[in-house]
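I opened the model and kept short notes on what I looked up. The entries follow my own order of looking.

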Amino acid sequence: MVLPILGCSDLEEEPVSVLSPDGFFNSIQDVQTAINGAYGNLSEEAFWGRKFSLPLMLRSDMVGIGDQGTAGRRKDHDNFTVADDNGMITAFWPRAYQIIAGANEAIAGGNGLGLAEGTLNPVVAQAYFVRAYTYFHLVRLFGDIPYLDAPVQEIAAASQISKTPAAEVYANIIADLEFAKQWLPDSYLPSNSALPTKASAAGYLALVHLTMKSFPEAYNEAKFVIDNEGRFGLELAADFQDLFNPAKQGSLKEALFTIDYNGFRDGNYGQDYTAALTGIRANEDGNGGGWSVAVPSIEVYNRWDGRDYRKAVSLDTTGVFNGVVDTFMNFPNYDARNIPSAYIAKYARFTGQTSNGNGRGSEHNYAQLRYAEVLLIAAEALNEVTPGTTEADGYVNRVRARARNGNGSGFPADVTPGMSQADFRNMVLEERRWELAFEFKRWYDIKRRDIGTTAFGTGGFEERPNFNPSRDYLLPLPNDELQRNPNLEPNNPGY
């Protein structure tokens, strides 16, 4: 259910087509309805549907622009030439705060019902999780940001909103996730990865602490999930391909939290563009061809070991044109907007039912956190605390064993025991590159490990001479927001 909740509920006396929160909350079911509205906004076109997810992908060193005739606002993210009026940012910023507003309304409305903790908290814990999830994205992208943990009821109060230091935002994120970890259930019946669980909260706590370089805490949270994988109903999918097949995703137990699409849409709600953005122009196979916008560089194909089953799952190296199968080096022959490189297959190969052409409005469940990543977080964090353990080796080996099972090639082999701390650190980062390829994670890895100069420099997968570490690890706050509220100034350095 999609339920937009007003962040400033007094701006209109008679809202049209919007359910006002004033007087709405009369039961715990009403609280759940408000939370469902926040979930609905996650899958909106201005958030995960395109405007937010595409920049995450393009700012990595794994994906660039194929069709150079695409919108300049997209190319600017790929080339690190983003300005503070970039249309992607000005679209997803307000949508992110609408998600947060919905969570805040649900928490405030629930607290006003006078219910016992055991009745209220397991429900509002979902709102705490969604709020933490959204702020975690925002603080990594923008640094200091406005932090709102209650509905804004008056225009005068809205005009006084200012930025909160990133460290304080992180502290609030951790507090929200700890509340969610305490009160969310172990699982749902029937199973539903679109609803967060105790494992979802703990997994995100592990990732937040890893991002903050709080390695003991990151390890402890990841280990909590691993030690309780049976209790939480978690396991690695037997076949890596099934993770990206909507017909099979629902029966898997690997995702800790997903943004779900169901093959239908209502305006911009449920509108998923990733298949179209990553698909091959003029390709007659699958969903009828894509737009050749987000495409891996040829170096991704060249440097990815061909024995790795994950490469075959993740990349399309052939297409069908005029009824004939041809290889990627000839893709431009069929449409000049294609480039001679392997294309992303994770989202365009299987889309399930779609609401319109090119695979848009798919049935994909986009995993925001998978159990495989939790294992890799545990390995990375433990290496920083106690280098050279067989325990850390074992977590990586579980991920690699699943990859080997895909084609029986014997690759990738188990970790070489006794690696140095630095070598193990680099190995895990590369393992994340391949295991989580094109899953919107790589940019955050580049930033948290401060490897942008290497990643985008000479010899990197994608050379981007415009990349400037003193500027580009943060996005600019949207110019229109600063014009409306000068308290948000100054903008981030370099913008």
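Where does Asn322 lie? I found Asn322 in the loop between strand E5 (318–321) and strand E6 (324–327). Helices (H or I, at least four residues) and strands (E, at least two) are DSSP runs, numbered from the N terminus.

Before going further I noted the ground rules. This is a predicted model, in which local features need pLDDT of at least 70 and side-chain atom pairs count only at pLDDT 80 or more, while totals for chains, interfaces and linings use all residues. Residues are numbered from 1 along each chain as its sequence is written, and side-chain values use heavy atoms, with hydrogens and water left out.

Entry: backbone angles.
I read a general point: most residues other than glycine have a negative phi, and most peptide bonds are trans. Asn322 has a phi near 55°, a positive value in a residue other than glycine. Ser292 also has a positive phi, near 55°. I located Ser292 in the loop between helix H13 (274–278) and strand E3 (294–295).

Is each of them buried or exposed? Buried means under 20% relative accessible area, exposed over 50%, and partly exposed in between (1.4 Å probe, protein chains only). Ser292 has a relative accessible area of 0%, so Ser292 is buried. Asn322 counts as exposed because its relative accessibility is 68%.

Entry: cis peptide bonds.
I looked up the bond that joins Leu189 and Pro190, and it is cis, with omega about -5°. Pro190 is found in the loop between helix H8 (166–183) and H9. The bond from Phe411 to Pro412 is cis too, with omega near 0°. I placed Pro412 in the loop between helix H18 (390–405) and helix H19 (421–435).

Entry: the second largest pocket.
A pocket is found on a 1 Å grid over the protein atoms alone: it is an open set of points where a 1.4 Å probe fits, with protein on both sides within 12 Å along at least five of seven lines, and lining residues have an atom within 4 Å of a point. The volume is the space filled by probe spheres set on the points, which are joined across faces, edges and corners. For the second largest pocket I noted about 620 Å³. It is lined by 38 residues, and those closest to its centre are Ser193, Gln249, Leu252, Ala255 and Thr258. Helix H9 (198–211), strand E2 (255–260) and strand E8 (365–370) each give two or more residues to this lining. Which element gives the most? E8 does, with 5 residues.

Entry: a buried glutamate.
I found Glu221 in helix H10 (residues 215–227). Its relative accessible area is 13%, so Glu221 is buried. Leaving aside neighbours within four places in sequence, Glu221 is in contact (heavy atoms within 4.5 Å) with Lys181, Ala202, Leu205, Ala206 and His209.

Entry: an aromatic pair.
Rings of Phe, Tyr and Trp (its six-membered ring) pair if their centres lie within 6.5 Å; planes under 30 degrees apart count as stacked, over 60 as edge-to-face and the rest as tilted. The structure holds 37 aromatic pairs. I looked up Tyr97 and Tyr135, an edge-to-face pair at 6.3 Å centre to centre with 80° between the planes. Tyr97 is in helix H5 (residues 87–111) and Tyr135 in helix H6, 38 residues apart, so the pair links distant parts of the chain. Both Tyr97 and Tyr135 are buried.
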